[in-house]
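Please read these points with the model open beside you. They cover the ligand site first, then some backbone geometry.

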Amino acid sequence: MKTEQPIVLQIKKIVNEASKIKTFIFDYRLDSEPGQFINLWIPRFDEKPFSISYQDDKKFAVTVACIGPFTEKMCSLKEGDLVGIRGPYGKSFNLKGKNIVLVGGGCGCGPLAFLADEAVKKKINVNFIIGARTKDALLFLERMKKSNIKTFVTTDDGSFGVKGFATDLLKDFLEKNHIDAVYSCGPEKMMKKVAEMCKNKKIYCELSLERYMKCGFGICGQCCMDDSGFRVCTDGPIIQGEEALKLKEFGDYRRDASGKKVKL
Ligand SMILES: Cc1cc2nc3c(=O)[nH]c(=O)nc-3n(C[C@H](O)[C@H](O)[C@H](O)COP(=O)(O)OP(=O)(O)OC[C@H]3O[C@@H](n4cnc5c(N)ncnc54)[C@H](O)[C@@H]3O)c2cc1C
Ligand code: FES
């Protein structure tokens with residue numbers, strides 16, 4: 001059920017996915033599309049956006065990396081605790097063609113795992129490049145294996161899979177295979193490389209952007225990029241690669257809660 005009005009849900013299950021990364025599962029039919037996000041509210045604390053990382057007819061999940069005040073608080077919650085949610089919000093991915101590549105970095109693999117599930121249902125061949133700094137931060141390898149999705153792993157330090165960046169594998173992939181579309185979510189510098197490679201090879205590409213958000217539905221202006229009026233919460237977070245490359249701040253800087261520029 002779509003719920004743009006806030007509702008309160010109990011955390012049904014918590015899965016420790018990797019070092020300081022947890023998935024929170026809720027018994028609730030959300031009816032979101034891959035790439036969309038919800039705003040999660042911890043009462044008397046704060047509210048932040050998170051992409052949907054799993055969904056079926058009865059449940060949905062978000063996967064959270066514990067990196068700062070809100071996410072540390074979220075990761076301290078227990079099964080049975082209550083949180084508020086609003087959403088789903090934002091634009092979703094558009095599946096194109098019959099042979100696709102997903103390029104995920106760290107927690108960016110969350111919305112891509114949901115997209116992979118949907119692609120498999122549509123009989124699309126999925127190649128999922130999963131990148132992480134180290135073995136301990138790799139996500140969803142078992143889940144993808146169970147769905148017979150081909151995974152290709154890179155770690156920055158070589159502790160698992162191929163040593164290097166996810167984009168190194170993508171370059172090789174695009175040279176040796178006919179690929180209809182590429183979808184990416186993760187660090188912005190990685191996504192910028194993905195968008196540039198796809199532009200050069202004339203391959204359809206979509207990315208998931210992240211900016212500091214407040215309202216989540218287009219009224220406060222906090223998540224605007226450049227002076228174009230592009231609002232990540234409503235015009236994104238999913239954007240075509242070529243459109244993202246036109247945004248001057250893409251891959252360069254973001255803004256903090258006060259609007260101050262922060263170099264990426
Ligand atoms: C549409 C959308 C979907 C998101 N989906 C997820 C998700 O699925 N899982 C998840 O863990 N997080 C996701 N996020 C980010 C999440 O909302 C939080 O902002 C983030 O996890 C940090 O919150 P915090 O209060 O714990 O730490 P903060 O204090 O906000 O941040 C901790 C550190 O991370 C840096 N940081 C925070 N946000 C960003 C950013 N956008 N880009 C680069 N550096 C940043 C800060 O500079 C700081 O150093 C999403 C954000 C958006 C906009
Ligand atoms: S978060 Fe308010 S306009 Fe996007």
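**Notes on the ligand site and backbone**

1. Ser51 places a backbone N or O atom 3.1 Å from a nitrogen atom of ligand 1. That is a polar contact, meaning a pair of N or O atoms within 3.5 Å; within protein, one must be able to donate a hydrogen and the other to accept it, and residues adjacent in sequence count only if both atoms are side-chain atoms. Taken alone, ligand 1 exposes 920 Å², and the protein buries 75% of that. Accessible areas come from the Shrake-Rupley method with a 1.4 Å probe; for residues, only the protein chains shown count as cover.

2. This is a predicted model, where local features need pLDDT of at least 70, side-chain atom pairs count only at pLDDT 80 or more, and totals for chains, interfaces and linings use all residues. Residues are numbered from 1 along each chain as its sequence is written, chains are lettered from A and ligands numbered from 1 in the order in which they are written, and side-chain values use heavy atoms, with hydrogens and water left out.

3. Further backbone contacts involve oxygen on the ligand. A polar backbone atom of Ala65 is 2.9 Å from an oxygen atom of ligand 1. For Gly68, a backbone N or O atom lies 3.2 Å from an oxygen atom of ligand 1.

4. How many residues surround ligand 1? There are 18, and the closest are Lys48, Pro49, Thr63, Thr71 and Arg254. A residue is near the ligand if one of its heavy atoms lies within 4 Å of it. By class, the shell has 10 nonpolar, four polar and four charged residues. Here Ala, Val, Leu, Ile, Met, Phe, Trp, Tyr, Cys and Pro count as nonpolar, Asp, Glu, Lys and Arg as charged, and the others, Gly among them, as polar.

5. β5 (46–55), β6 (60–65) and α1 (69–76) each supply at least two shell residues. β5 gives the most, with four. Helices (H or I, at least four residues) and strands (E, at least two) are DSSP runs, numbered from the N terminus.

6. Check the cis peptide bonds. Gly87 to Pro88 is cis, with omega near 5°; Pro88 sits in strand β7 (residues 82–89). Gly236 to Pro237 is also cis, with omega near 5°. Pro237 is in the loop between α6 (232–235) and β16 (238–240).

7. Check positive phi too. Lys20 has phi near 60° and lies in the loop between β2 (13–18) and β3 (21–26). Arg44 has a positive phi of about 60°, in the loop between β4 (37–42) and β5. Most residues other than glycine have a negative phi, and most peptide bonds are trans.
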